[in-house]
Amino acid sequence: MQTNFTLAQLADPQVAASEKILRACVHCGFCTATCPTYVLDGNELDSPRGRIYLIKEMLEHDRPATAEVVLHIDRCLSCLACMTTCPSGVHYMHLVDHARVHIEDTYDRPLIERALRATLASLLPYPQRFRLALFAALPAKPFAPLLEAIGLKRLAAMLRLAPWRVPQRPLGPQTFPAVGARKGRVALLAGCVNDVMAPQINAATIAVLTRHGIEVVLPRGAGCCGSLVHHMGRDEEALVQARANIDAWTALEGLDAIVINTSGCGTTVKDYGFMLRTDPAYAERAAGICGLAKDVSEYLAALPLKPVQRIPELVVAYHAACSLQHGQRVNRQPKELLLKLGFAVKDVPDGHLCCGSAGTYNILQPDFARRLRERKVGTIERLRPDVIAAGNIGCITQIAAGTKLPAVHTVELIDWATGGACPPALRAS
Ligand code: SF4
Ligand code: SF4
């Protein structure tokens, strides 16, 4: 695509990066077929190609975001299916991230919208605050259908996603020693939402790693990866969170990997090198962190895992989280691990399409998110599985809100088959 940025504009490294991305797009439109929002409404402006055009016009003319641009960029899930499909290697993720920052800087959102976004940004990345919010949500949860009926759809969406049980206290900084001879040492990104919403995921991750001789460290100072605010265009906040993690992880010696069991976070941590490329104090260390970051399935695939206990012959519908399949291109390892451990694994048809979770998307865009969930749950239920497995808490929560089937993290099944406890969702079903 031809672009017309001035030399002065291109002196800004962010604009220069976006210009390069724009020039790579040949406008072929292959990406439209795999874009969930285009599949839902058939509107070109809700397709990757349409959004790329809107972003180009906005950046090239250096003008404030318009209501039209905001509408269609806000509807984008950042699922990155378009990046998997694109034959020209257009890095849509960096382009839309830039657009979101530009929107945040130049567009005056309505007061309610601003308040909602500020609330999410000040609660979700902080496990203690988030835990208190979930406590407060418990008594209001039964009123979600009523709130939806009177038009308070976002509030209803938040309540539907909150768990029915009392949220657990998040894990503090500590070290979990390897069982037997130590064969490796990793830092675990405990995650802000993961730890409060579904503590069994970190428990299973720590159990399976330590049982296989890996020491697991949760260092002081590490926290949210920054993706929740990054996707809202609040880049300064995201970079503060990224730098804190880099400081915490680089203070540890002898790390083999930074293990991440929330694939949305993993995609962001693996992008720290790009996010901090112009920060002389962090660029080098950020690039080093990208090399160490591993999805838990990538790390476990290199360990000699063996099934040690007989588990029922379960059919697992494997839901490939977008951030894992499109963001990190980790496709093989989760399924191979499950198969090796005795599960029957079924791929979900149209697996490239997002379930509608996408960080805070299911709160900020409840209609699109609900329609995507219904579509996803329909395709999963037609497989008649015993259990749904995914590598991302967002997908697990989103899908579980629309089905009676148990939904678990892949690592919970791996831990169970290698000597750990049965996942709570399976015990309850
Ligand atoms: S597939 Fe790639 S090159 Fe073609 S329109 Fe989409 S982003 Fe542009
Ligand atoms: S990231 Fe997903 S929703 Fe956004 S344009 Fe690409 S395919 Fe469509």
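The questions and answers below concern strands, a surface patch and a loop residue in a predicted model.

Student: What is the bridge partner of I260 in β5?
Tutor: Strand β4 covers residues 257–260, and β4 runs parallel to β5, joined by 3 bridges. Within β5, I260 is partnered by D295.

Student: Is D256 buried, partly exposed or exposed?
Tutor: D256 lies in the loop between α15 (235–250) and β4. Its relative accessible area is 40%. Buried means under 20% and exposed means over 50%. D256 therefore counts as partly exposed.

Student: What separates the C-alpha atoms of D256 and K183?
Tutor: Along the chain, D256 and K183 are 73 residues apart. In the model, the separation of their C-alpha atoms is 9.9 Å.

Student: Which residues of β8 point the other way from V387 and A389?
Tutor: In a regular strand, side chains alternate between the two faces of the sheet. Strand β8 spans residues 387–390, with V387 and A389 pointing one way. These residues are all buried, and those pointing the other way are I388 and A390.

Student: Which residue of β8 stands opposite V316?
Tutor: Strand β6 (residues 315–319) pairs with β8 in the parallel sense, over 4 bridges. The residue of β8 opposite V316 is V387.

Student: Through which helix does the chain cross from β8 to β9, and what is the handedness of the crossover?
Tutor: Strand β9 (residues 407–409) pairs with β8 in the parallel sense over 3 bridges, and I388 stands opposite A407 in β9. The β-α-β crossover from β8 to β9 passes through helix α24 (residues 393–400) and is right-handed.

Student: What accessible area does the nonpolar surface patch with L155 have?
Tutor: L155 sits in helix α11 (residues 153–161). At 39% relative accessibility, L155 is partly exposed, and the cut-off for joining a patch is over 30%. F143, L146, I150, L152 and L155 form the patch, and together their accessible area is about 490 Å².

Technical notes:
Residues are numbered from 1 along each chain as its sequence is written. Chains are lettered from A and ligands numbered from 1 in the order in which they are written. This is a predicted model: local features need pLDDT of at least 70, side-chain atom pairs count only at pLDDT 80 or more; totals for chains, interfaces and linings use all residues. Side-chain values use heavy atoms; hydrogens and water are left out. Patches are made of residues with over 30% relative accessible area and no salt bridge: like charges are joined within 9 Å, nonpolar side chains (Val, Leu, Ile, Met, Phe, Trp, Tyr) within 5 Å. Accessible areas come from the Shrake-Rupley method with a 1.4 Å probe; for residues, only the protein chains shown count as cover. A salt bridge is a side-chain nitrogen of Lys or Arg within 4 Å of a carboxyl oxygen of Asp or Glu. Helices (H or I, at least four residues) and strands (E, at least two) are DSSP runs, numbered from the N terminus. Buried means under 20% relative accessible area, exposed over 50%, partly exposed in between (1.4 Å probe, protein chains only). Two strands pair if DSSP finds at least two bridges between them. A crossover is right-handed if, with the strands pointing away from the viewer, the path from the first strand over the helix to the second runs clockwise.
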